[in-house]
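Okay, hi everyone. Let me put it on the screen.

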Amino acid sequence: MARCSLAISRLRLTMRIERATATDIPAVLSLLDTAGLPHEGAAEALAMGIVARDGEGVVGAAAVEPYGDAGLLRSVVVAESLRGTGLGRALVAAAEALAR
């Protein structure tokens, strides 16, 4: 889907933002747990979801739950160590693009 370069302090990380797959569900649920966010419906919403990968690990996710001609942005989560880097904005933009 997209590559996202983020500068974190003096480090530069390159992450892939791509469609979520069923194998991403456990990692996304773990991120939601760590963030204190609910699981209800998250696995189903990931059918229209995206994830951010740093190497092979999932470090962020967002999903769109369709409602007719509209969609509900949900399950937006970023690993605690990457919050404030702009990754959340990149995930939301990618989820919006997927919804179109």
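Let's start with a facing pair: R53 sits opposite V58, which belongs to β4. Before going on, a word on what we're looking at: this is a predicted model, where local features need pLDDT of at least 70 and side-chain atom pairs count only at pLDDT 80 or more, while totals for chains, interfaces and linings use all residues. Residues are numbered from 1 along each chain as its sequence is written, and side-chain values use heavy atoms, with hydrogens and water left out.

When I say strand, I mean a DSSP run of E with at least two residues, numbered from the N terminus. Two strands pair if DSSP finds at least two bridges between them.

So, back to β4, which covers residues 57-67. On one side, β3 (residues 49-54) is joined to β4 by 6 bridges, and the two run antiparallel. They make a hairpin with 2 residues between them, and G55 in that turn has a positive phi of about 70°.

What does β4 do with β5, residues 70-78? They pair in the antiparallel sense too, over 7 bridges. That's another hairpin with 2 residues between the strands, and here G68 in the turn has a positive phi of about 65°.

Now zoom in on V64, in β4. Is V64 buried or exposed? Buried, because its relative accessibility is 8%, and buried means under 20% relative accessible area, using a 1.4 Å probe and protein chains only. Across in β5, the residue opposite V64 is L73. V64 also has contacts (heavy atoms within 4.5 Å) beyond its neighbours within four places in sequence, including M48, G71, A95 and A99. A45 is one of those contacts as well; the C-alpha atoms of V64 and A45 are 6.3 Å apart, though 19 residues separate them along the chain.

Last stop: S75, over in β5. S75 is not a glycine, and yet it has a positive phi of about 55°. With a relative accessible area of 13%, S75 is buried. Leaving out residues up to four places away in sequence, S75 touches L32, A42, A61, A62 and A63. And its side chain makes a polar contact with the side chain of R74, at 3.3 Å. A polar contact is a pair of N or O atoms within 3.5 Å; within protein, one must be able to donate a hydrogen and the other to accept it, and residues adjacent in sequence count only if both atoms are side-chain atoms.

How values were computed:
Helices (H or I, at least four residues) and strands (E, at least two) are DSSP runs, numbered from the N terminus. Buried means under 20% relative accessible area, exposed over 50%, partly exposed in between (1.4 Å probe, protein chains only).
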